Every structure is written in structure tokens, then in C-alpha cells.
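Hi,

Here is the structure we talked about. Please open it and keep it on screen while you read my notes below.

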Amino acid sequence: MSEDVRMVAWVRGRVQGVGFRWFTRARALELGSLSGFALNLDDGRVQVVAEGPRERCDALLDWLRGDDTPGRVDGVTEIWDTPRGGYDGFAVR
């Protein structure tokens, strides 16, 4: 049985105005069992918060770093924590 975790990732590059948040939500829903959100930040990055099974969060992080994302990802920084809950599905903010 997998441990539930909280992953917060900050994605740098050309990731705003290209559908990045929408595609991130779609990927999270496709992976299943994830809740959280994707949010544009004022500095041009996108923040992704995902809570759920560790292997699903790892898969989302791999996708964020991969070549399938819209736009151009120059780098991803993430931190791991314990889940806080309170999310209703996976949202675009």
C-alpha cells in the first residue's frame, strides 16, 4: 500500500499562456487519485500542488519534467511533505 504525500512543484520556462495548467490538471486526472491545483505565479512560473499516493505524484513530476508538456519547461523544483487535505479534486487556479 502506498503512502500518501504532498508534492509542491514550481515549473520554470514558457509555461504561462500555453495551456500548461489545463494539461497538468488533465494529466493528474488521468493518473487518478490525485487532488490539488495548478496556479500561475506572478513571476512567470506555474506552481503545482498534488496530494495522493507517492507513485502517482512521482508520475506527475516525471511528466512535468518530460517533453510532453505544452510550452517549454526549463526546470522544475519540488518539495515533499505530508498531505494537508482540503482539496476537491484537481483544479486550475
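In which strand is Gln47 found? Gln47 sits in strand E3, which covers residues 46-53. Bear in mind that this is a predicted model.

Is Gln47 buried or exposed? Gln47 counts as buried, because its relative accessibility is 16% and the cut-off for buried is under 20%. Which residues does Gln47 touch, leaving aside those up to four places away in sequence? They are Val8, Ala9, Trp10, Phe37, Ala38, Leu39 and Leu41.

Now the sheet. It is open and has 5 strands, in the order E4-E1-E3-E2-E5. The pairing is mixed. Strand E4 (72-81) and strand E5 (90-92) stand at the edges. Each has a single partner strand, so one side of each has no neighbour in the sheet. On average, neighbouring strands are turned by 15° against each other, direction ignored.

A reminder on pairing: strands of a sheet pair through backbone hydrogen bonds, either parallel or antiparallel. Strand E2 (residues 35-40) pairs with E3 in the antiparallel sense, over 6 bridges. Take Phe37 as an example: its bridge partner in E3 is Val49.

Next, the helices. Helix H1 (residues 20-31) packs on the sheet. H1 touches strand E1 (4-14), E2, E3, E4 and E5. The direction of H1 makes about 170° with that of E5. Helix H2 (residues 54-65) also packs on the sheet, where it touches E1, E3 and E4. The direction of H2 makes about 155° with that of E3.

Best wishes

Terms used:
Residues numbered from 1 in each chain as written. Predicted model: local features only at pLDDT ≥ 70, side-chain atom pairs only at ≥ 80, totals over all residues. Heavy atoms only, no water. Helix = DSSP H or I, 4+ residues; strand = E, 2+ residues; numbered from the N terminus. Buried < 20%, exposed > 50% of the residue type's maximum accessible area, 1.4 Å probe, protein only. Contact = heavy atoms within 4.5 Å. Pairing = 2+ DSSP bridges. Axes fitted to C-alpha atoms, helices over the stretch in contact; angles between N-to-C directions.
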